[in-house]
Amino acid sequence: MKSLILSILASVPLVAAAPRGCVAGTEPQASTGQAVYFITNGVEENAVVAVPIGADGTLSGGTTTGTGGQGSVAVDADGQPAVPDALVGQSALSLAGMNIFAVNAGSNTLSMLSISADDPTQLALVGNPVDIPGEFPNTVSASEENKLVCVGTTGAVAGISCASFDDETGLGEMDGLRAIDLGQTTPPLGPLNTVSQVFFSEAQDSLLVTVKGDPNVNNTGFLSVFPVEQDCGASAGNASAVGLKPRGRGRGKGKGNGRHQVDGPEGGAGGAAVDMVAVLSQTDVRSSPDGTAVLFGSLPIPGTNNRVFATDASFGATILEVGADDSASLVASQAIDGQSATCWVTISELTGTAFVTDVGVNRVVEMSLEDASIINILDLSENGNPGLIDLRAVGGFMYALSPGDGAEVGPRISVLDISGGEGTATEVQNFDASALTGAEAMGMAVLE
C-alpha cells in the first residue's frame, strides 16, 4: 500500500478559504465509553471483538463473537495480501443503538449483533447474515433514526446497497445495488480505485460515499451523495400504488419511520394508516472537489450540517462543503509532511478537533475543523507499532487500531487521553490485542 500511495502525484493543489467555526454548544464533559469494537476479518471465520473500557479509559480482557460470515483481504500491486489495510476502507463495522453491524468481505454478507444491556462485551447474532448484491463489502453505516443500514462493496461488483433493520427481528433484505463502475477484481487490487467509506450526514438525511481515484492512470475519485427518502412500503412503486409519492429529504427533514394517513377515494378521509419506511434514493450526485485525488475516511463536522472532514491519502486532509444541490466543493486542505497514507479520521466532541492516522507512520495528527490546519502531532514511534488505521474518540479518550505487521508486531490498540482538550493528547496504554485477533483486523467503534 505504501509504495502505491507514494507514487501518487505529489503536487495536488491546496486551497484554503476563510474558516467558519462550528455552531456553539454546551461544553462536552470528559468521560469514558463502555467498550470498543472491531472485526477480526478472519478469512475462515469473521468475528466482532469487544473489549471493555475501564473507569480510567484503559482496556483489558475482551471477547470474540462470530458473525456467521467470512472475512477477506485485498491484494497489493504485487498480488500479496494488502495488510494492514485489509479492507482498504474505513468503518468495517457500525453502531446504532445497542446493535452492531459488521461486513463479511469473504462471504459477501452483512451481520447484525445485539449488545447486552448488562455487559457491553456480550454480543449475540440477531437473525442470520443477509446476502449483499455486490462483492467484497468493506464499509458500513447504520442510522438508528432511520432504522436503515447501508453497505459499500468494492470488488468486481461494486456499489451501494441498503436494508432496514429491527431490534428484534434483525436485518431486512438488502435492496438493489447502486452500481459504481470501478473495473475491479474480487478481492480488489488496492488501495487505489476502491470505495473508501459510507457514512450518514449529521442530519441523517443523506448517505455520503467516498471513492478513491488513481492519479497514476488519470482516474478521478469522487464524493457521492444519496438522499434518504420516505416510502410507505418496500419500494417507490408500492408508494405510488397506494396513492403516495416518495418524499425526498430536505436539510434536517424527512427522517425516520412513522405512520402516514392515506386519503380515501377522491381525497376523502377514512384511508388506512401506512407505515412509512426510510429508504435510500437510487440516484446520487457525484462530484470531484478541486484539489482532491484519493478521498478516504470522512465524517460530518458537528454543528455544520453540510461540512465534511475528509482525509486524502495523496497529501493529508480536507474540509468539504456539500451544497444544496448535493455537489461538494473544497473549503480548505492541508498537506501533512512526511505522510505515507493519511486515511482514517475521528472527530472529538470534547476537543472540537479531528484526529487522523497513517498506516505507514506511527503518529496521530490533530487538525482544525475550521481550516484543516495542523494543531498537534503526537509521535508514537516508541511504542513499536508500525502505524495506525481506524480510530474513534469518545469523551476524554481515543482508541486507534494498529493491526500489526503480520510477523513480528501483533495487533494493538493505542489508547490516548484527550481529556485536557485541544492539543493535549498523550498515550496512556498500548493494549496488546494479539490474543483476540490477527493482522487482518479492521474497524473501530465505541459504545458510549
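Visitor: How long is the polar contact that joins the side chains of Thr109 and Ser107?

Guide: Thr109 belongs to strand E6, residues 109–115. Strands (E, at least two residues) and helices (H or I, at least four) are DSSP runs, numbered from the N terminus. A polar contact is a pair of N or O atoms within 3.5 Å; within protein, one must be able to donate a hydrogen and the other to accept it, and residues adjacent in sequence count only if both atoms are side-chain atoms. For the side chains of Thr109 and Ser107, the length is 3.0 Å.

Visitor: What kind of model is this?

Guide: Residues are numbered from 1 along each chain as its sequence is written, and side-chain values use heavy atoms, leaving out hydrogens and water. Local features need pLDDT of at least 70, side-chain atom pairs count only at pLDDT 80 or more, and totals for chains, interfaces and linings use all residues; the model is predicted.

Visitor: Is Thr109 buried or exposed?

Guide: Look at who surrounds it. Beyond four places in sequence, Thr109 is in contact (heavy atoms within 4.5 Å) with residues including Gly69, Val103, Pro129 and Ile132. The cut-offs are under 20% relative accessible area for buried, over 50% for exposed, and partly exposed in between (1.4 Å probe, protein chains only). Thr109 has 7%, so it is buried.

Visitor: What is the phi of Asn108?

Guide: Asn108 sits in the loop between strand E5 (99–104) and E6. It is not a glycine, yet its phi is positive, at about 55°.

Visitor: How many residues of strand E1 are buried?

Guide: Check each side of the strand. In a regular strand the side chains alternate between the two faces of the sheet. Ala35, Tyr37 and Ile39 are buried on one side of E1, and Val36 and Phe38 are buried on the other. E1 (residues 35–39) is therefore largely enclosed by the rest of the structure, and its buried count is 5 of the 5 residues.

Visitor: Which residue in E2 is the bridge partner of Tyr37?

Guide: Strands pair if DSSP finds at least two bridges between them. E1 runs antiparallel to E32 (residues 442–447), with 4 bridges, and there Ala35 stands opposite Leu447. E1 also runs antiparallel to E2 (residues 47–52), with 5 bridges. In E2, the partner of Tyr37 is Ala50.

Visitor: What is the relative accessible area of Asn41?

Guide: Asn41 lies in the loop between E1 and E2. Its phi is positive, about 60°, although it is not a glycine. Asn41 is buried, and its relative accessible area is 0%.

Visitor: How many residues are in the largest nonpolar core?

Guide: A nonpolar core is a set of buried Ala, Val, Leu, Ile, Met, Phe, Trp, Tyr and Cys residues joined through side-chain atoms within 4.5 Å. Tyr37, Phe101, Leu110 and Tyr399 touch the most other members of the largest one. Apart from it lies another core of 18 residues, among them Cys150 and Leu280. The largest core has 79 residues.

Visitor: Which residue is the nearest side chain of opposite charge to Asp358?

Guide: Asp358 lies in strand E25, residues 353–358. Its side chain reaches the backbone nitrogens of Gly360 at 2.7 Å and Val361 at 3.4 Å. For charge, Lys and Arg count as positive and Asp and Glu as negative; His and the chain ends are not counted. Asp358 is buried and has no salt bridge; at 5.1 Å, the nearest side chain of opposite charge is Arg363.

Visitor: How far apart in sequence are the parts that Lys147 and Asp167 tie together?

Guide: A salt bridge is a side-chain nitrogen of Lys or Arg within 4 Å of a carboxyl oxygen of Asp or Glu. Lys147 forms one with Glu144 at 3.0 Å and one with Asp167 at 3.2 Å. Lys147 lies in the loop between strands E9 (137–143) and E10 (148–154), and Asp167 in the loop between strands E11 (158–166) and E12 (170–171), so the parts they tie together are apart by 20 residues.

Visitor: How many salt bridges does the structure hold?

Guide: Glu144, Lys147 and Asp167 are linked in a network. Another salt bridge joins Arg286 and Asp284 at 2.8 Å. The structure's total is 5.

Visitor: What is the omega of the cis peptide bond from Gly190 to Pro191?

Guide: The bond from Val83 to Pro84 is cis, with omega near 15°. Pro191 is in the loop between strands E13 (178–179) and E14 (195–200). The bond from Gly190 to Pro191 is cis, with omega near 10°.
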